[in-house]
Amino acid sequence: MPAAAFSGRIHLHSETIITCAVTGGSPISPGAANPITPEQIADECLAAADAGAAVVHIHVRDPSTGKASTELRLYEQVVSRIRSRNADLIINLTTGPGSRFVPDAADPKRGGPGTSLMHPAERVEHVLALRPEICSLDIATMNLGPSPIINTPSHMRAMATLVRDAGVKPELEVFELGHLEQAKGLIAEGFVSGTPLVQICLGAPGGAPAQPKAMLCMRDFLPENAVWSAFGFGAQSFPMVAQVCVLGGHVRVGLEDNIYITEGKFAAGNAELVEHAKRIVHNLGGTSASAQSARRLLGLA
């Protein structure tokens, strides 16, 4: 069914996939419960699964500093810990790091402090080594906060080719309407095979706002036959869970996106956020999908 035919239709999945993004790569706010070490990150993934998440989205951090990292050995430790204790959980590894550009103050053609640009092959090294079922693929060149992230068409296609050939499904992360049009181009050109998986990211500074109109509009421009999920950053995390449910998508929560369980109160961990999302799904008449059901829905089985 063409995406445009969705307009105005309200549909709640009988089974809704809950993804938990357990830590992200942004600086950690004092008092927040974001996991840092590989053991902590793996434990948070497993706790999220016990609470109802079928998919976990994983970044890693330097255990000594808490800052974002791209070290393969850290990903290896997290993934091996998860697989040894819950082989059914669907793992989704990020490929977002390596896209930040901060112009040098004296010479803006050069990257200054904070620039993290990496070769496309480096950005997917851990994916090729560990072969998760899913990895993220940012369809985004945009001002994200105080400086831009850069994902050029050639870099996106190079990364998409590498993960496709490794048998990994890309989760196409989009922050505005133009990104959806770029995603359609990747699909039409054969860089994405199988059922497209799209993650709509709302409320990021510089992206589309976390508002019902924005989500509805982006849903109506999805690639044909796409499976889609959406989330809101910060205070809009749980309102967007409800919104995406009634619009026929799947949901994402987690400490990467929102560190509070209620206004002014830090979440104790990812499991608490997943449990609350699960209650919203159930209160709207749906059920949370198991990992096995999620595989079927995502075309992974």
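Asp257 is placed in the loop that runs between strand E13 (250-253) and strand E14 (260-262), where helices (H or I, at least four residues) and strands (E, at least two) are DSSP runs numbered from the N terminus. The model is a predicted one, in which local features need pLDDT of at least 70 and side-chain atom pairs count only at pLDDT 80 or more, while totals for chains, interfaces and linings use all residues. Residues are numbered from 1 along each chain as its sequence is written, and side-chain values use heavy atoms, with hydrogens and water left out.

With a relative accessible area of 6%, Asp257 is buried, a term that stands for under 20% relative accessible area, as against exposed at over 50% and partly exposed in between (1.4 Å probe, protein chains only). When neighbours within four places in sequence are left aside, Asp257 is in contact with Ala21, Phe231, Gly232, Phe233, Gly234 and Arg252, contact being defined as heavy atoms within 4.5 Å.

Ser229, in strand E12 (residues 227-232), counts as buried because its relative accessibility is 5%. A polar atom of the Ser229 side chain lies 3.1 Å from the backbone oxygen of His250, and Ser229 also touches Val198, Gln199, Ile200, Val251 and Arg252, residues up to four places away in sequence not being counted.

The largest nonpolar core has 72 residues, and those with the most contacts inside it are Ile58, Ile82, Ile200, Leu202 and Trp228; such a core is a set of buried Ala, Val, Leu, Ile, Met, Phe, Trp, Tyr and Cys residues joined through side-chain atoms within 4.5 Å. Helix H1 (residues 38-51) gives the most to this core, with seven residues. Apart from it lies another core, of 11 residues, among them Ile17, Ile90, Val227 and Ala294. Beyond its neighbours within four places in sequence, Leu202 has contacts that include Ala208, Met215, Phe231 and Met240.

Helix H8 (residues 237-246) is mostly covered, seven of its 10 residues being buried, and the buried set consists of Ser237, Phe238, Met240, Val241, Gln243, Val244 and Cys245. Just after H8, a positive phi of about 95° is taken by Gly248.

As a whole, the protein has 10 helices and 16 strands, and buried residues make up 52% of its 301 residues. Among contacts between residues at least 6 apart in sequence, 72% join residues at least 24 apart. The C-alpha atoms fill a box of roughly 55 × 40 × 40 Å, taken along the principal axes.

Note on methods. A polar contact is a pair of N or O atoms within 3.5 Å; within protein, one must be able to donate a hydrogen and the other to accept it, and residues adjacent in sequence count only if both atoms are side-chain atoms.
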